[in-house]
Amino acid sequence: SGSCRRARMDAARAPLLRGTAPSRFDEAGAAADAAMAATAPEEGTDALPYSDADENVPGRSYGAPPPLLKPSVAVPDGGAVLFVVPGSQFCIKAAAYLTRQRIPFRYQYVQPNELAAPQQVPVLRWGDVMVPDSGRIIEYLDQFAEDGPGTAYPSAEARELDQLIGGEFNELVQYVTWVDRDGFDRSMKPIIDKRVPCALRMLCPCLCGARPLVKNLGHMKRIEERIAKKVPQEVLAGGPEAVRESLRRHLVDLESRLVSHRGEYLLGTAAPAACDYALYAMLDRLIGDSGYSIGAVVPQVLQDAHCEALRQFYWRMKAACPVRFEDEQRVPRGESFLPPPGEQLSMRLPAGAAGAL
C-alpha cells in the first residue's frame, strides 16, 4: 500500500537524513522577498514563496514498474532528492525527466541561500553526489538510463536547442510572467497576495500589493536586467506587444521543428531529449499551472499562434511525466537531506564531469 511504501522509504532514507528543516515564511515581507530573491535560480528562472501551511495532495506511487535504468545501477537508499523552489521551470524540467524515467525521488523545498554558491535550483542529491543545474542533472542520470547514454543530448543541435530554450526563450517567458502586467496578474499576483495578509494589502496597497512589493524590494529591476542580457534590445524597446510577438515567433519556429520531424519530439528522436523537457517546462508556465497551481500566463498563446503540434506535444509530455510540487513526494516538514554549504561543495559533481558508476 502507499502507507507501507512511504514507511519503507522513510526507513531507507535514514542514512541521508539531516536535522535541519527548511526555513518558514511567517512574515509577509519575508515571503515576498524570498519570492523575488530567488528570481535567478539556474540561468534566470524565477521562484515562488512556499508556505508550511500549503496542503499536500495525493501523489504518484513509484513501487512499480521499475525505473528505466540499467540493471547494474542501484538507486540510492530512499531514492534521489531534488532540491527545488516550487513553480520553477527548471525544477519542472529536471522533475519531468526523473518522473518519465520512473526514478524514485522526493522534493525538498529550499531557499537559494541554503545552497552553496551559486545558490541556484534545482540541485539533485544522488547518494553522496550533489548535481546542480537541470541540464547537468539530466545528463548525469542519462548515463544510467536503460537506453543511454546519449538520449539527453544526442547531437550538438540538441545542446544548442536546449540552450536556446533555457536562454532567450526562457527570458521571453519571464517577461510575460513578471513585467507584462496582464501575465503578472494572471500568475504571480495571486501567489504573492496569498502570502501577504489581507489587512496589510488593504491598509498599504502602494507598499504591500503584489506588484509594488516586487518593485519596492528591487526585484523587478533585477529581473529586467537579466532579461536584457538575453532578449534583443529592439524587442524590449517595443514593450509588451513586441515581446509577445517575439515569443510567438519562437513558438512558430518550435512548431515547425515538430512538424518537419513528423515525430513526437523536437529532434525526431524516439525518446525526449533535454530540450524537450525544457520546452515542456516553459509551456507549463505559459499554458499550464507550473506544478504549483499558478495561473497560466498566456493561456491562449498556442491557439493564437496556430501551434497545434506544440499543443499536442505539451499534453503528451504532461501525460507521460506530470509534475506536482504539492504531492506526497515532498520530504516531510522538519526533515532535511540538505548538507551544510561547505559539505555540498565537497559532494558536488565537478564541472564537465558526467559522473561514473
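Reply: C307 has a relative accessible area of 1% and is buried. Please note that this is a predicted model.

Me: What makes C275 count as buried?

Reply: A residue is called buried under 20% relative accessible area. C275 has 1% relative accessibility, so it counts as buried.

Me: How many disulfides does a search of the whole structure find?

Reply: The search finds zero disulfides. The term requires a pair of cysteine sulfur atoms within 2.5 Å. In general, a disulfide is a covalent bond between the sulfur atoms of two cysteines.

Me: Why is D182 called partly exposed?

Reply: Partly exposed lies between the two cut-offs, under 20% for buried and over 50% for exposed. D182 has a relative accessible area of 46%, so the term partly exposed applies. D182 belongs to helix 6, residues 181–186. Its C-alpha atom is separated by 8.6 Å from that of V298, although D182 and V298 are 116 residues apart along the chain.

Me: Why is H306 called exposed?

Reply: The cut-off for exposed is over 50% relative accessible area. H306 has 70%, and therefore it is exposed. H306 is placed in the loop between helix 15 and helix 16 (308–320). Its phi is near 60°, a positive value in a residue other than glycine.

Me: Is S290 buried or exposed?

Reply: S290 is buried, because its relative accessibility of 1% is under 20%. The loop between helix 14 and helix 15 (301–304) holds S290. Phi of S290 is near 55°, again a positive value in a residue other than glycine.

Me: What makes helix 14 largely enclosed by the rest of the structure?

Reply: Of the 14 residues of helix 14, 14 are buried, so the helix is largely enclosed by the rest of the structure. For the protein chain of 357 residues, buried residues make up 54%.

Me: Which residues have the most contacts inside the largest nonpolar core?

Reply: They are L82, W126, L141, I165, F169 and L286, in a core of 102 residues. Helix 14 gives the largest share of this core, eleven residues. Leaving aside neighbours within four places in sequence, L286 is in contact with several residues, including F169, V173, L247 and V298.

Me: What is the order of the strands in the open sheet?

Reply: The four strands have the order 2-1-3-4, with mixed pairing. Strand 2 (105–109) and strand 4 (129–132) each have a single partner strand and stand at the edges, so one side of each is left without a neighbour in the sheet. The twist from one strand to the next averages 25°.

Me: How do you know that strand 1 and strand 2 pair?

Reply: Two strands pair if there are at least two bridges between them. Strand 1 (residues 80–84) and strand 2 have five bridges, in the parallel sense, and therefore they pair. Within strand 2, Q108 is the bridge partner of F83.

Me: What makes strand 3 and strand 4 a pair?

Reply: Four bridges join these antiparallel strands, and the requirement is at least two, so strand 3 and strand 4 pair. P132 in strand 4 is the bridge partner of V123. Their hairpin has two residues between the strands, and G127 there takes a positive phi near 65°.

Me: Where are P118 and P122, and what is the omega of the peptide bond from A117 to P118?

Reply: P118 is in the loop between strand 2 and strand 3, and P122 is placed in the loop between strand 2 and strand 3 as well. The bond from A117 to P118 is cis, with omega near 10°. The bond joining V121 and P122 is also cis, with omega about 0°.

Key
Residues numbered from 1 in each chain as written. Predicted model: local features only at pLDDT ≥ 70, side-chain atom pairs only at ≥ 80, totals over all residues. Heavy atoms only, no water. Buried < 20%, exposed > 50% of the residue type's maximum accessible area, 1.4 Å probe, protein only. Core = buried A, V, L, I, M, F, W, Y, C linked by side-chain atoms within 4.5 Å. Contact = heavy atoms within 4.5 Å. Axes fitted to C-alpha atoms, helices over the stretch in contact; angles between N-to-C directions.
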